[in-house]
Amino acid sequence: MAAGTIGAAVALIKRALARAFSRTEKVFEYAFGQRNNPFVSLGALGWYFYWIVAASGVYLYIFFDTGITDAYASVEYMTHDQWYAAGLMRSLHRYASDALVVVVVLHLLREFAHDRMRGRHFFAWLTGVPLLAFIYICGISGYWLVWDQLAQYIALATTEWLDTLPVFGEPIANNFLNNTTLGGRFFTLMVFIHIFGPLFMLLLMWVHIQRHSGARVNPPKSLAIGTLAMMVALSFAYPAVSQGPADLDMVPTSVGLDWYYLAAYPLLDVIPGGQLWLYIFGCFVLFSLLPWLPPEKPAPPALVNLDNCNGCARCFDDCPFGALAMVPRTDGHTYDLEPIVNPANCTSCGICAGSCPTSTPFRRAGPIQPGIELPDRTIGALRDELVAEHRSDGPHILVFGCETSNVSELRQHGAHVIELPCVGMLPPSFVDFALARRHADGVMIAGCAEGDCFHRLGNEWTMARMAGERDPYLRRRVDKRRLSLNWLPRDAARRRHKAFEEFRTALTEIDDA
Ligand code: HEM
Ligand code: SF4
Ligand code: SF4
């Protein structure tokens, strides 16, 4: 009962978030174009900001004095005397760290809203949760190193907060009571955490994308250059500065907080530290469980049929989730290799079936059974759907669309819609077959927006296959005027309908000519 209520609440939040993203992204898409829309590159931007933080951090370390007595002065030297280089690096270090928080929070909310964390997608989510903790540990330890009044506030608040945990023998906040009790021990520990924390974080970021073949870790070039230029301009206009030297004999009356990293600290004034730990721990547990709230019944993974496999490895090359491996042949065939499926990684996207050269509807003898396909969404059944009788006024348009979009709405406008787990499951020979055998006057492929495929690479591979740039190619004889490719956000029903009507008009004109 409780699980059901939480599941319903999660679904409600998901829908509201998806709507909010959709509206906001429309504006960004208008301003930046589909490919450069930052919302479709949030994970890649996370990597990008990480590298900016790391590179600027290495530069700062050259001039930074790691002893507590001289740290402040060394940061002041960088900020004021070397404002054009180390000062710029300091500002970039801060602004890229803040930007990292923003893009990672948006990234996780977006993955959540689009449901890309359930079933066999859970791995990235589960490895993402500790990444959040690492980002905060690295950020907070960084503010500590400046040893200004903000650092003093953080040092005292953090150690008092840590003292509410039954871990330390004697209160660690005692280190920061006044200038005489101040020791360099904790400061050295912070320097250590601030250097090794980001290295562990990098390792975790690498683990995070292990189930993604060819993960997108670089944003589009123009987006990367534009973002960096904006941050450099911001760094010169509003350079990062310190807030007066720390002095433990005085209590800082007011400090300016970086709300991206330090938002939890003011809460300590109203919530007891122990209780705040419990809330944060509870949020982390709830967050980790989200992929199973409610649990998803996964579709069966892809199945290999060795009788029809020649070991060409196209399925292996195209699988977006690293679910396939090519291993030595086990059936005594003359081919060297065969694919094997790792069911734990397979998201049942069907893209491998679209890449297999044996997935062709032109075969006549016996039922179609390609080298690899989804057992509950076979290529034979796809052919049956294609040849099924369909009536429409005007040109007969066959639409292949993704189940994750609302492409089915085109049915009410007379389209013969076939939904697939991903358009990447469509072998190009089906387009040829539909047109050559007059099962359709035109074929429309309606997939996710560029760079934003639910199954990561399905739209990219389809574009390349249809353009004759990736195996299996669409045959040259196909009249391209009768093929319409549409890459739109999943809920862009009106724009998809408009594209459909334009295609219908174009087909009518071709037939009338
Ligand atoms: C430093 C922080 C992070 C970075 C740099 C990062 C980066 C990335 C990248 C590059 C991808 C692959 C994009 C692609 O090629 O399709 C990805 C996917 C993903 N990330 Fe993150 N991420 C971060 C944190 C998080 C967090 C905190 C969460 C959630 C708790 C999360 C959840 C996901 C999910 C659900 C996916 C997609 C999984 C799928 O499609 O199967 N990430 N991330
Ligand atoms: S169905 Fe998708 S994830 Fe599974 S093996 Fe095929 S391409 Fe890979
Ligand atoms: S694409 Fe088809 S024929 Fe080639 S290795 Fe994969 S299953 Fe075998």
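Analyst: Helices (H or I, at least four residues) and strands (E, at least two) are DSSP runs, numbered from the N terminus. Here, Tyr-238 lies in the loop between helix H8 (221–237) and helix H9 (259–262). This is a predicted model, in which local features need pLDDT of at least 70, side-chain atom pairs count only at pLDDT 80 or more, and totals for chains, interfaces and linings use all residues. Residues are numbered from 1 along each chain as its sequence is written, chains are lettered from A and ligands numbered from 1 in the order in which they are written, and side-chain values use heavy atoms, with hydrogens and water left out.

User: Is Tyr-238 buried or exposed?

Analyst: Buried means under 20% relative accessible area, exposed over 50%, and partly exposed in between (1.4 Å probe, protein chains only). Tyr-238 is exposed because its relative accessible area is 57%.

User: Which protein donors does the iron atom of ligand 1 have?

Analyst: Donors are N, O and S atoms within 2.8 Å of the metal (3.2 Å for Na, K and Ca); water is not among the atoms, so sites may look incomplete. The protein donors are His-107 (NE2) and His-208 (NE2), 2.0 to 2.1 Å from the iron. This pair links distant parts of the chain, 101 residues apart: His-107 is in helix H4 (residues 83–113) and His-208 in helix H7 (residues 185–208). His-208 counts as buried, because its relative accessibility is 16%.

User: How many disulfides are found in the whole structure?

Analyst: A disulfide is a pair of cysteine sulfur atoms within 2.5 Å. The search finds zero. For Cys-453, the nearest cysteine sulfur, that of Cys-422, is 4.1 Å away.
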